Amino acid sequence: MKLKEGQTLLFIGDSITDCDRAKPHGEGLFGAYGNGYVSLVQAFLQATYPNLRIRVVNKGISGNTVRDLKNRWQEDVLAYKPEWLSVMIGINDVWRQFDVPHIKEKHVYLDEYKETLRILVQETRPLVEGMVLMTPYFIENNEQDPMRQMMDQYGDIVKQISDEFNCIFVNTQAVFNKILGDLHSSALAWDRVHPTPTGHMLLAREFLTEIGFDWSK
C-alpha cells in the first residue's frame with residue numbers, strides 16, 4: 001500500500017465527504033468521520049493495517065464548491081501538513097446551475113472550476129507525498145441528460161489536472177456507471193447525488209484500490 005506508518009490522510013470536499021462528520025475536526029471517536037466513504041476508508045485502514053497507525057481527517061463541508069475550498073484551503077488543508085490529500089469537489093459547482101439557475105452568483109462555471117482546482121493542486125502537490133483527485137459524478141446512466149453531460153465535462157478537468165501533476169485519479173462516475181447496469185439510480189442515491197451505504201461502499205472500495213490497498217489481507 002502507498003501509505004506509510006504514521007502518515008496523515010486528509011479528505012476534503014462537499015457533502016459526499018462531509019456526511020455529518022464531527023465539527024470542526026472530523027476525526028476521533030463517536031462517528032467523528034461521518035457516515036460516508038471516509039468513515040469506511042478509515043475503518044478498512046485501521047482494521048487491515050493497525051500497525052501503520054494512519055491518521056485520517058475528514059474536512060468535507062456540505063454545500064461546498066471549489067470556490068469554498070479555495071477560501072478555507074490554508075486552515076483546513078495546509079495547516080494539517082498531511083502526507084496524503086484526497087480531493088473530491090465539483091458536484092455543487094454543477095448542481096447549482098440546475099437547481100437554482102436564477103441565482104448565478106452560486107454558479108461555478110467550467111473555466112473557474114478548472115483554474116481554481118489547478119491552482120490548489122499546483123500549490124499543494126509539492127508539499128505532500130501523494131494526492132488523490134476524485135471526480136464529481138451524477139448517478140444517471142443517460143449520458144444525454146444535461147446535468148450528466150456537464151458533470152462529465154467537470155470530471156474531464158479532474159483527469160487533466162491529475163495527469164498534469166501526477167496525482168492518483170479516481171473516476172467515481174465510471175464506478176457508478178458500471179453498477180447502473182444492474183441497479184437503478186434510486187438504489188444508489190435518492191437524488192442521484194447523495195449515496196446510500198452501497199454507493200459510499202463503492203466510493204471507498206475504489207479509493208482504497210487506487211492507493212494500493214491489499215484486499216487479500
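Modeller: In β4, G130 is the bridge partner of W84. Keep in mind that this is a predicted model.

Biologist: Which way do β3 and β4 pair, parallel or antiparallel?

Modeller: Parallel. Strand β3, residues 84-88, pairs with β4 over 5 bridges.

Biologist: What about β4 and β5? How many bridges there?

Modeller: There are 3 bridges between β4 and β5, which spans residues 168-170. That pairing is parallel too. M134 has V170 as its bridge partner in β5.

Biologist: Which helix does the chain pass through from β4 to β5?

Modeller: Helix α6, residues 146-164. The β-α-β crossover is right-handed.

Biologist: Back to β4 itself. How many of its residues are buried?

Modeller: 5 of 5, over residues 130-134.

Biologist: Which residues sit on each side?

Modeller: G130, V132 and M134 are on one side. M131 and L133 are on the other. Both faces are covered.

Biologist: New topic, Q173. Where is it?

Modeller: In helix α7, which runs over residues 172-179.

Biologist: Is Q173 buried or exposed, and why?

Modeller: Q173 counts as buried because its relative accessible area is 5%, and the cut-off is under 20%.

Biologist: What is Q173 in contact with, leaving aside neighbours within four places in sequence?

Modeller: T135, P136, Y137, F138 and E140, plus R148 and D152. For orientation, α6 covers residues 146-164.

Note on methods. Residues numbered from 1 in each chain as written. Predicted model: local features only at pLDDT ≥ 70, side-chain atom pairs only at ≥ 80, totals over all residues. Heavy atoms only, no water. Helix = DSSP H or I, 4+ residues; strand = E, 2+ residues; numbered from the N terminus. Buried < 20%, exposed > 50% of the residue type's maximum accessible area, 1.4 Å probe, protein only. Contact = heavy atoms within 4.5 Å. Pairing = 2+ DSSP bridges. Right-handed = clockwise from strand over helix to strand, strands pointing away.
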